[in-house]
Amino acid sequence: EFRRVLFRSKMKKYVRMLRVKHWLKNVLIFAPLFFGEVLFNYTMIAKSFYAFLAFGLAASVVYIINDINDVEKDRKHPTKCKRPIASGEVSIKAAWVFCAMLVLLVAVMSFAAVFLDLYSYVAVIWLVAYIVINLIYSKWGKHVPVVDVVLLAVGFLIRLYYGAQVVQVDISAWLYLTVLAGAFYLGMGKRRNELKNVSEGETRAVLRKYNYAFLDKNMYVCIAFAEVTYALWAMQSEHSGLMFTVPVVMVIFMKYSLNIEADDSEGNPMDVLLEDKLLLVCVLLYAIIAFFSIYVL
């Protein structure tokens, strides 16, 4: 029994390193499945979930490498100091070994997917591109203003096109622009809240190169652009009911903006979403209206 408890304790540390909560961002992979009208194609559903798991593990590889690179800075941060590597619960050597095992697992899953014809090698290329982009971000990009937000936005686009490649669905230009603008908004919103915590020893020195005026102006531009492109995407769709999702999207953006501009928010998209029941209800309402518009009406 003692060994079992000890094993579970050790496993929890490694599971925390995966940051599974942040896999929620990868739900964008399912957007082509949903909007491509193949939601009830069980083969496509299985492929998408398999792809989602592979992508999540690949994202965790990036998180671990980032935590290893930032270990000294994270130890000075009020919340990041509690992460397994920064707190010393997991040694850097053990973290590298675990990371290597994840890389091997992702490689095997990707090879198996292509070999079993779950999806093509193009989807794997998108997955590799995500890892490369994030390694560039971790090593260099996050220290350069604007470039850091651009690389984060590219990560969201890769999720979208990766999911599209898995289910073989074309992405509308309007949807591409909506995701791009929304990703820019999320990235700058996070920087805006991190800016409040800038001090000696702050993990992101790049934050000192930003200011509220710059971030606020560009956030508002991105919100407007995302809402307009989404409305145009809904208008050109053969499903007229999608127009009723436009005001819901506007409310979601408004509520999200209200949350990240609160004094006690750190601006992390996952925390902002999961900690606000009203925002979750709005997202659920959006999904229901979109579902009925595409699959019922």
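Author: A residue is called buried when its relative accessible area is under 20%, exposed when that area is over 50%, and partly exposed in between (1.4 Å probe, protein chains only). The structure is a predicted model in which local features need pLDDT of at least 70 and side-chain atom pairs count only at pLDDT 80 or more, while totals for chains, interfaces and linings use all residues. Residues are numbered from 1 along each chain as its sequence is written, and side-chain values use heavy atoms, with hydrogens and water left out.

Reader: What makes the contact between R19 and D67 a salt bridge?

Author: The term requires a side-chain nitrogen of Lys or Arg within 4 Å of a carboxyl oxygen of Asp or Glu. In R19 and D67 the closest N and O atoms are 2.4 Å apart, so the pair meets that rule. It links distant parts of the chain, with R19 in the loop between α1 and α2 and D67 in helix α3, 48 residues apart. Both R19 and D67 are buried.

Reader: How many salt bridges does this rule give, and why can the pair of E89 and R16 be said to tie together separate parts of the chain?

Author: The count comes to nine salt bridges. In one of them the side chains of E89 and R16 meet at 2.9 Å, N to O. Helices here are DSSP runs (H or I) of at least four residues, and strands are runs (E) of at least two, numbered from the N terminus. E89 lies in the loop between α5 (84–87) and α6 (92–115), whereas R16 lies in helix α1 (residues 2–18), so the pair ties together parts that are 73 residues apart in sequence.

Reader: Are E89 and R16 buried, exposed or partly exposed?

Author: E89 has a relative accessibility of 35% and therefore counts as partly exposed. R16, with a relative accessible area of 39%, is partly exposed as well.

Reader: Why is D148 called buried, and which residues does its salt-bridge network include?

Author: D148 has 0% relative accessibility, and therefore counts as buried. Its side chain meets that of R191 in a salt bridge of 2.8 Å, N to O, and this pair joins helix α8, where D148 lies, to helix α9, where R191 lies, across 43 residues. R191 has a relative accessible area of 1%, so R191 is buried too. The network of salt bridges links D148, K190, R191 and E194.

Reader: How do you know that the length of α9 agrees with its number of residues?

Author: The expected span of a helix is 1.5 Å times one less than its number of residues. For the 23 residues of α9 this gives 33 Å, and the end C-alpha atoms are 33 Å apart, so the two values agree. The helix is mostly covered, since 17 of its 23 residues are buried. At the N-terminal end, S172 caps α9 with a side-chain oxygen that lies 3.1 Å from the backbone nitrogen of W174.

Reader: What is the result of the span check for α8, and what follows that helix?

Author: The 21 residues of α8 should span 30 Å, and the end C-alpha atoms are 31 Å apart, which agrees. Of these residues, 15 are buried, so α8 is mostly covered. After α8 comes Q168, whose phi is positive, near 55°. Q168 is found in the loop between α8 (147–167) and α9 (173–195), and with a relative accessible area of 58% Q168 is exposed.

Reader: Where is E37 found, and what is its phi?

Author: E37 is found in the loop between α2 (31–35) and α3 (42–69). Phi of E37 is near 60°, a positive value in a residue other than glycine. Its relative accessible area is 39%, and E37 is therefore partly exposed.

Reader: Why are α9 and α10 described as roughly antiparallel?

Author: Angles run from 0 to 180 degrees between N-to-C directions, and axes are lines fitted to C-alpha atoms, for helices over the stretch in contact. Angles under 35 degrees count as roughly parallel, over 145 as roughly antiparallel, 65 to 115 as roughly perpendicular and the rest as oblique. The axes of α9 and helix α10 (residues 212–236) come within 8 Å and cross at roughly 155°, and α9 and α10 are therefore roughly antiparallel to each other.

Reader: At what angle do the axes of α11 and α13 cross?

Author: The axes of helix α11 (residues 246–260) and helix α13 (residues 277–296) come within 10 Å and cross at roughly 160°. These two helices, α11 and α13, are therefore roughly antiparallel to each other.

Conventions:
Polar contact = N/O pair within 3.5 Å; in protein donor to acceptor, adjacent residues only side chain to side chain.
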